[in-house]
Each structure stands twice: as C-alpha cells, then as structure tokens.
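Subject: Structure handover

Hello,

Here is the structure I promised to pass on. Please open it first, then read the notes below.

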Amino acid sequence: MKKGDHLFLVDGSGYIFRAYHALPPLTRKSDGLPVGAVAGFCNMLYKLIEDTRDEFEPTHLAVIFDASSKTFRNDIYPAYKANRLEPPEDLKPQFALVRDATRAFGVPSIEMLGYEADDLIATYARLAHEAGARVTIVSSDKDLMQLVNDRVDMLDTMKLKTIAREQVIEKFGVPPEKVVDVQALAGDSTDNVPGVPGIGIKTAAQLIGEYGDLETLLSRATEIKQQKRRENLIEFAEQARVSRRLVELDNNVPIDVDLDTMGVRDPDPETLIGFCKDMEFNTLTRRVGERFNIDVDAIPATGAHPPQADEAAPASAGPTKDKQVASRGAKGGVPGATPKGIDADFAAATYVAVTALADLENWVARARAQGYVAVDTETDSLNPMQARLVGVSMALVPGEACYVPLQHGAGDGLDFADAAAQTQIPLKDALKALKPLLEDSSILKIGQNLKFDMLVFRQHGIALAPLDDTMLMSYALDAGVHGHGMDELSELHLGHKPIPFSEVAGKGKTQITFDRVPVDKAVAYAAEDADVTLRLWHILKPRLVAEHRMSVYETLERPLVPVIVEMERAGVKVDKAVLARLSADFAQKMARFEDEIYVLAGERFNIGSPKQLGEILFDKQGIDGGRKTKTGAWSTDADMLEALAAQGHELPRAVLDWRGLAKLKSTYTDALPEFIDKDTGRIHTSYSLAATSTGRLASTDPNLQNIPVRTEDGRKIRTAFVAEKGNLLISADYSQIELRLLAHIADIEALKKAFAEGLDIHAMTASEMFSVPLKDMDPGIRRRAKAINFGIIYGISAFGLANQLGISRQEAGDYIARYFERFPGIRAYMDDTKDFAHKNGYVETVFGRRIHLPAINSKNPAEKSFMERAAINAPIQGSAADIIRRAMIRMPDALAKAKLSARMLLQVHDELIFEAPEKEAEKTCKEVAKVMSAAAAPAIALSVPLDVDARAAKNWDEAH
C-alpha cells in the first residue's frame with residue numbers, strides 16, 4: 001500500500017446484524033435453510049462495491065468479522081458483554097455463509113481469535129494511515145468513531161452519510177481523540193462497560209472538555225462542586241480506568257493478513273453466480289450476470305452449502321464433520337494467509353506422514369497398549385457410499401498425530417514432486433494392519449461424526465467399534481447453545497482455528513479433491529483433525545459426568561451410530577418408471593392449472609413471480625386483505641394465499657395448487673432419480689444426528705422426511721418407494737405419540753383415560769369441549785377438536801387456528817379458552833414449563849435430554865414469544881424423538897433374536913420403514929410393533945400406552 005491509495009474496511013459483523021434486522025425472515029426455498037441475513041449482506045456488499053467504484057475510487061477493500069465472543073477484554077473485566085443475548089437461532093447458521101459470500105465476491109474475509117473486529121479495523125486503519133493512504137470505515141458503530149482523523153473517516157451506508165471529525169463532535173461533544181475518555185465515564189450498558197454511575201455522555205463531554213482528559217479529571221475530582229458527582233468520581237475512579245481500557249481499541253493487533261492482499265478486483269463471476277444460485281438469490285444472480293454479461297443459466301450452483309442446524313429446516317447440520325469437503329472451504333481466512341489463532345500447543349504439535357508398513361504397525365501397537373486412539377478418514381467425495389479412501393489419520397496424545405496416505409494421485413498420473421506420494425503403503429496392506437485395531441472391542445476409537453468414517457470403512461469390510469463421538473458428546477451437553485462441527489468446537493474449547501480445506505485444496509473452480517493434495521500438505525491438515533478431535537474428547541468426556549449428561553450420551557446418542565450406519569448402507573429401492581410417470585402427470589396438471597389461472601387473472605403472466613402475482617391480486621383485481629413486505633412488494637407467501645383462498649377467492653387457491661405440484665415435480669419426481677446409487681440401484685439418504693435441538697434426526701441428500709402426505713399427489717410420491725422382488729416394505733408408525741406424551745407429561749386425567757381405553761381422542765376432546773355425545777359426533781366438530789389438539793402442542797394462536805379452520809379469530813379464541821377450561825392441566829404445564837425455561841435457560845425431555853433455549857429471556861417480544869412456544873413443545877417433541885431413538889437402538893438385536901431377516905431402511909419422524917421377506921412380513925410387523933411400544937421402558941413408566949400401527953405392502957404408500 002502506498003500514498004494516495006484508499007482502503008475500505010467493512011465492519012462485517014455490523015453488516016450481518018443490520019441485514020438480519022432490516023429484512024423479513026427468508027429461507028432457501030429448496031430446503032428451508034435460513035438465508036435472510038446472507039441475502040441482505042450480499043445486496044449491501046454488492047451495492048457498496050458498485051456505488052463506491054466511481055465516487056470514492058477505493059483501491060483496497062476487506063470485510064472484518066468478530067471471530068468469537070471472548071476477547072482480551074474479558075481478561076480485564078470478566079463481565080464485559082456478559083449481558084449480551086445469544087444471536088437468534090435462525091441467524092447462527094448464517095454466520096459461516098456470510099463469510100462464504102464475502103469470499104465469493106473476491107473480498108478478503110478477516111477475523112482473529114481474541115480480538116474484536118473493531119481492533120483489527122483500528123490496526124489496519126493505523127497501518128494504512130502510516131503508509132499515507134486514506135481509510136474509510138464502512139460502519140456507523142460509535143465505538144469506531146475514536147479512529148476518525150485527517151485521513152480516516154466512516155461511511156454509514158444505511159443513511160448515505162459520511163462521518164468525519166465534525167460528525168463525531170456532534171455525536172459525543174468532543175473530538176475523536178477524546179471519545180474514549182467520554183465513553184469511559186459514561187459506560188455502555190450494551191457492552192456492560194461500567195463507567196461511573198450518574199454520568200452520561202453529555203456530562204462526560206462537559207467534564208472532559210473542562211479537564212482535558214480522564215486522568216486529569218480523576219486526579220482533580222475533589223474540585224467537582226456537585227457532591228454526588230464528586231463522590232462517584234472518587235469512589236469509581238478505578239472503574240473508570242478499567243472502562244477506558246475496555247472501550248479503547250487496540251491498534252497493534254498482530255495481524256497476519258497484509259494490506260497488500262486487499263487490492264480491489266472484480267470477483268470471479270462464475271464463483272459469485274454459483275454462490276448466488278446455491279443460495280437461490282435469483283435477483284442478485286441476474287444482476288451479476290448482467291454486470292459481467294454472462295449467461296447465468298450456463299453456470300451451476302456450487303452445491304457447497306447444506307442446511308444448518310435448525311428445527312424449522314431439519315436438514316444437514318452443516319460442517320459437523322470437516323471431512324465434508326465443500327464445508328471445509330467455508331471457514332474463513334484469505335487464500336495463502338496463515339491460519340489465525342493457533343496457540344502455542346498446536347504450534348508445537350508433531351504431525352508425521354506414515355509411509356512404511358513397519359511404522360504403521362508401530363502406531364497400531366502403541367494404540368493397543370494405550371487402549372484408545374482418535375481416528376479420522378480423508379476421502380475424495382462427500383458421499384461415503386461412493387468415496388475412495390484417500391488416507392487415515394490417528395492421534396494418541398495431544399500434539400502427536402500421524403497421517404497415512406493411501407491413494408494420493410492414484411490412477412491420475414500425477415507428479416507431485418513429493419517423495420511421500422511415491423512411497424504410500426498399498427491400500428490392501430494398510431487396511432490389513434488397521435482392521436484388527438479398528439474392530440478390537442477393547443480399544444476405544446474416538447472420532448468426530450464417526451458415522452461418516454464407519455460408512456467408509458464398511459465399504460472395505462471393516463466394522464469399527466467401539467466408539468466415542470465428540471460431535472455427539474457436544475450435542476448431549478449443549479444442544480441449542482451452539483453448533484457441533486469440529487472447527488466450531490475447536491475454536492470454542494481449544495481457542496484454535498483448524499486449517500481450512502481451501503488452504504490445502506483451493507476453492508471454487510480450481511478446488512481439487514483430497515487425493516490430488518500433495519502429501520506434505522495433507523499431513524498438516526488431516527493429522528490436525530485427529531489431534532483436535534482427541535483434545536476435544538479430553539475436554540468433553542469429563543463434562544458428561546460432571547454435568548450429568550452421561551446417560552443421555554450412552555443411551556440415546558452413541559449406540560444409535562452403528563444402527564444408522566447400517567440403515568444408510570441398506571438404502572431404499574425407488575422405481576424410476578413410477579417417478580417418470582408421476583412427473584409427466586404433474587406437468588399435465590400444472591398446465592391445466594396454468595390455463596385456469598390465466599382465465600381467473602384475465603391475462604397471462606409469470607405465475608412463479610411473486611411480484612407479478614401480487615400486482616394482479618391486489619392492484620388489478622383489488623382484493624382486500626393484502627399486506628406489503630418491507631421492500632414495498634405485495635406479499636404472496638403461502639399463508640397469505642391460504643387466507644385469501646379461505647375467503648373464497650379462486651385465483652389464490654389455483655396458484656397454491658400449481659405451486660404444490662411444481663414443488664412435488666422439481667423436488668421429488670425430477671430430482672430423486674439423480675440420487676439413485678449407480679452400484680446399488682437404491683437411494684441412500686444421510687441422517688444428521690446432531691442437526692436439531694430436540695433430538696429429532698434430519699435426512700439429507702435427499703431429504704426423505706419432508707415428502708408431503710396430506711395431499712393425494714404428495715402421497716403418490718411414496719408409491720415409487722418399493723420393495724425388492726420377494727420382499728415387502730413395512731411401515732411402523734407411532735399413533736399420536738406427541739398427544740400421548742402431552743397427556744403423560746402434563747398429567748391430564750381425561751386424556752390419559754381416553755388413550756387407555758382406546759377411544760378416538762379427537763372425538764373425545766370434541767365431546768368434552770362441546771358437550772356432544774360420542775355417538776352423535778359430527779365430523780366437522782371432530783375436525784375442529786383435532787386442529788386444537790395438535791395446535792396446542794405447538795402453541796397455536798387464535799389467529800392461526802382461525803386461518804386453519806376458516807372461522808373468525810373471536811370464535812377460534814373462544815375454542816382455545818374452552819379447551820383450557822376443560823383441560824386445566826395443560827395450561828398449568830405450559831405456564832410451569834415457561835417459568836422453568838426462563839429461570840434455567842433450558843427444558844428437558846422425560847429421558848433427561850437437555851434442550852437449551854438461549855434466547856428465552858430476549859427483550860425482543862417476538863423472539864421471546866417464539867422461544868416460549870419452543871419451550872412448551874420441546875419436552876414433548878424431544879421425548880418422542882428419544883423414544884423412537886430407543887426403539888431403533890433395540891431393533892437390530894430384537895429382530896436377530898426373533899430370527900427375522902428384516903432390514904431397517906428409513907426413519908421419518910414417528911415412523912420406521914423396514915424391508916422384509918414376504919414370508920416373514922406378518923411376524924416382523926408384530927415384533928417391530930412390540931419393540932416400539934415398549935421403547936420407553938424401563939427408564940420411564942408412561943401413564944399412557946404407546947400404540948403402533950405396522951403394515952406391510954409392495955410400496956411405502958400402501959404400507960403407511
């Protein structure tokens with residue numbers, strides 16, 4: 001950097017929160033991944049780059065993020081920022097995506113453990129100033145105003161306002177160089193900076209203006225005429241000095257990314273478009289395509305961003321295991337930059353390549369002698385059923401690990417100029433040496449998301465056992481508090497940021513698979529994974545005992561892993577011909593709906609365009625009841641269209657029907673054939689074991705848990721899931737398990753009695769509420785009772801029930817009030833549960849699974865209300881999830897004991913799917929139902945029976 005250059009430093013963390021709060025919630029349509037903050041961030045960054053190009057002519061640009069909540073300031077004052085709330089649950093998965101977005105724009109993404117983003121900004125601003133460059137800090141954060149000087153200003157992009165010396169004086173009453181003194185006196189309740197009681201910004205500015213600086217003021221505090229102010233300045237003098245240390249930014253951070261790497265350049269359009277398409281940002285995709293004159297249809301989505309842990313979007317937990325290659329590239333840092341935050345322990349670690357069989361045998365012998373070993377695999381694919389085993393890493397003690405390269409460059413004719421690559425142990429020999437160790441029941445194998453490794457090893461005939469999984473330990477301890485991926489856990493518990501995958505394999509179009517990574521680079525990356533995992537195990541395992549979570553881990557988490565491994569290996573057969581026939585059928589129905597929609601609209605338009613649909617509904621047809629989004633466009637989401645359809649409007653109903661078919665076609669009938677394994681001819685979905693806070697499993701690649709079953713067309717999708725010749729599919733489904741658990745947990749005698757007697761629970765509820773004899777029950781009244789029964793579990797409001805039943809809000813409210821009158825124990829349960837959650841920050845299932853609710857005491861009324869509803873539902877939904885986990889864990893042994901050869905294939909919420917020989921189907925149904933019905937015992941004696949419906953048929957739909 002040189003004199004005359006202009007550096008733009010973007011406060012990335014500030015951008016994220018501005019983006020999140022400025023826009024309504026937005027999810028990726030294909031899977032429900034929250035992306036609202038990512039969308040806002042991308043649009044803000046794009047606008048910044050385009051708007052400043054000519055007006056400010058920046059030569060250098062970087063986005064600076066906060067790396068973690070704990071910094072050196074917590075060592076000065078432990079209560080610093082202690083009262084800050086956890087980020088909203090739907091924002092947490094977006095932090096990593098925002099960093100991905102930054103890199104997709106070709107902009108450095110910088111952060112450092114132990115320091116706030118403001119400290120890095122201060123350091124870069126100083127260095128640029130000393131080089132003679134101008135600096136613009138893109139932020140409105142008052143804490144950064146202390147940095148303003150003759151060559152450093154700020155830009156508030158929301159208000160299109162430059163903040164220079166004059167604006168700082170206007171804000172604080174003092175020039176920038178005095179801001180820290182004023183803040184030290186006034187304190188800051190947001191960051192929990194104590195300051196001096198009774199002194200605000202205005203008074204602090206007056207005092208500093210009169211005495212010159214903080215130390216002079218404190219030394220002359222006895223001169224202050226106002227008694228209370230004088231006494232406070234004397235009594236809290238040291239507190240003021242501590243506060244100054246807290247608010248003063250550190251401009252001497254030991255940065256490891258040079259200013260010269262921040263040169264402004266155009267992004268690689270294909271990388272940016274691929275990211276935008278992956279996020280389903282259609283408008284921005286088009287704008288970028290127009291900006292670079294590129295056909296966006298020719299560029300595929302990156303596909304590198306699976307859904308994160310989220311109850312509303314139960315899909316992949318994201319990078320829960322950093323052998324997920326695409327996820328490893330999403331960890332931050334600048335290409336070529338040294339990983340940040342590496343502590344002395346990791347810097348002194350010894351990682352070696354094992355390329356001789358004798359050396360591998362020595363490691364195996366040491367592991368046997370010790371009794372445990374951390375194990376990790378590296379592959380060339382994220383699909384364990386198709387992946388080639390590229391190498392294996394092991395760690396025995398913290399700081400000592402090895403990597404065994406097995407198939408680097410195999411079959412590719414690569415020349416790494418790397419001697420180790422030429423002396424790899426033959427795969428067959430290495431596996432022969434490892435197999436006895438990995439299968440030895442006396443040696444504990446430790447891993448992070450070991451399900452992946454176990455699937456890879458099973459492809460080579462190795463059944464790894466026994467195991468300890470650090471991801472599941474973290475999940476048992478801290479579900480709902482944070483993610484459970486290795487990188488996040490490393491930063492949280494070890495203060496260490498592991499090497500990102502992009503550093504060894506590149507990113508974007510130039511990214512290579514791990515088998516093409518030179519062995520010397522692979523060693524540092526892969527051995528570190530095993531080392532980090534072992535260190536995490538040493539921290540998390542004792543916590544399980546100390547925090548009384550061992551039972552949850554030992555009975556609900558760890559034993560499920562081998563069961564899921566076998567389920568994923570089994571897969572399920574799908575008839576491609578049925579899917580093709582359905583796809584054609586859906587296309588014809590969509591065409592008929594399109595014709596109907598055009599007639600109802602009075603014109604042709606893009607039905608998939610919310611903007612055009614909104615204009616027709618509310619501007620041209622003048623339908624009442626519309627609402628606009630923050631962007632000024634008419635809302636045409638499903639809730640709005642449902643409400644309009646309930647009022648008798650035909651066009652919204654037709655559009656809803658068209659949308660439903662379009663989703664079925666694109667998400668299932670067109671997409672499912674792509675997931676059929678070329679070797680097995682079956683679909684092998686992947687189950688995320690730590691993706692939801694309540695213990696429910698999540699299915700991905702593809703997601704088989706969200707196939708609609710409430711519509712006839714949706715149920716047709718299940719007809720494509722079939723049994724192999726000579727077999728039948730068995731569907732075993734818990735009947736109304738959550739209502740049964742509500743009756744047990746809330747101790748509702750009337751409900752418990754009805755379940756015990758096998759009554760129609762919805763008819764019984766209707767009879768209780770509306771005083772109608774069971775024998776004279778009207779189906780419409782029963783339907784209303786059913787809606788309330790299920791709605792109560794999820795905290796349904798009068799507004800929601802009114803929309804669902806097509807009645808007035810007053811009538812819906814009366815129904816809910818009457819329900820609580822007839823079943824007062826439910827209201828007591830809700831109130832008690834909310835009180836417990838507010839006091840403790842968590843709730844528990846009947847089996848002791850703890851579900852944390854970090855935002856339960858949020859000052860945001862909407863967020864607080866959402867978390868209270870989650871608190872009410874979590875013990876019920878979580879207990880149901882625990883019960884089906886217990887059933888799954890017991891099932892293999894029970895089937896084997898009964899000498900049945902059925903295989904468990906799928907788990908879909910409260911349902912298990914099996915494949916069994918036709919001659920064994922009846923007996924299998926009975927055995928499965930028996931195991932599932934008794935799954936709670938002996939740990940919990942439920943006061944209601946668990947009924948299970950088990951049926952066998954040729955396809956899933958007929959069996960369900």
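An open sheet has six strands in the order 3-2-1-4-5-6, and its pairing is mixed. Its edge strands are strand 3 (109-110) and strand 6 (161-163), and each pairs on one side only. This is a predicted model: local features need pLDDT of at least 70, side-chain atom pairs count only at pLDDT 80 or more, and totals for chains, interfaces and linings use all residues. Residues are numbered from 1 along each chain as its sequence is written, and side-chain values use heavy atoms, with hydrogens and water left out.

Helices (H or I, at least four residues) and strands (E, at least two) are DSSP runs, numbered from the N terminus. Two strands pair if DSSP finds at least two bridges between them.

Strand 1 (residues 6-11) runs parallel to strand 4 (residues 134-138), and five bridges join them. Val10 has Val138 in strand 4 as its bridge partner.

**Salt bridges**

A search of the whole structure gives 63 salt bridges (a side-chain nitrogen of Lys or Arg within 4 Å of a carboxyl oxygen of Asp or Glu).

Start at Arg73. Its side chain meets that of Glu116 in a salt bridge, 3.3 Å from N to O. Glu116 lies in the loop between strand 3 and helix 5 (117-130) and Arg73 in helix 3 (residues 72-76), so the pair ties together parts 43 residues apart in sequence.

Arg73 also forms a salt bridge with Asp119, at 2.7 Å from N to O. This pair links distant parts of the chain: Asp119 is in helix 5, Arg73 is in helix 3, and they are 46 residues apart.

Are these residues buried or exposed? Glu116 counts as buried at 9% relative accessibility. Arg73 counts as buried at 1%. Asp119 counts as buried at 0%. Buried means under 20% relative accessible area, exposed over 50%, and partly exposed in between (1.4 Å probe, protein chains only).

Next, look at Lys541 and Asp468. Their side chains meet in a salt bridge of 2.6 Å, N to O. Lys541 lies in helix 23 (residues 519-546) and Asp468 in strand 12 (residues 467-469), so the pair ties together parts 73 residues apart in sequence. Asp468 is buried, with a relative accessible area of 0%. Elsewhere, salt bridges that share partners join Lys573, Arg682, Glu724, Arg903 and Glu915 into one network.

**Aromatic rings**

The count comes to 16 aromatic pairs. Rings of Phe, Tyr and Trp (its six-membered ring) pair if their centres lie within 6.5 Å; planes under 30 degrees apart count as stacked, over 60 as edge-to-face and the rest as tilted.

Tyr372 and Trp537 form a tilted pair, 5.0 Å centre to centre with 40° between the planes. Tyr372 lies in strand 8 (residues 372-379) and Trp537 in helix 23, so the pair ties together parts 165 residues apart in sequence. Trp537 is buried, with a relative accessible area of 11%.

The rings of Phe836 and Tyr842 have centres 5.5 Å apart and planes at 85°, so this pair is edge-to-face. Phe836 counts as partly exposed at 37% relative accessibility, while Tyr842 counts as buried at 15%.

One aromatic cluster is formed by Tyr403, Phe501, Phe514 and Tyr525.

**Charges over rings**

Arg291 lies over the face of Phe292, 4.7 Å from the ring centre. Arg827 lies over the face of Phe820, at 4.0 Å from the ring centre. A charge sits over a ring if NZ of Lys or CZ of Arg is within 6 Å of the ring centre and within 35 degrees of the ring normal.

Best wishes
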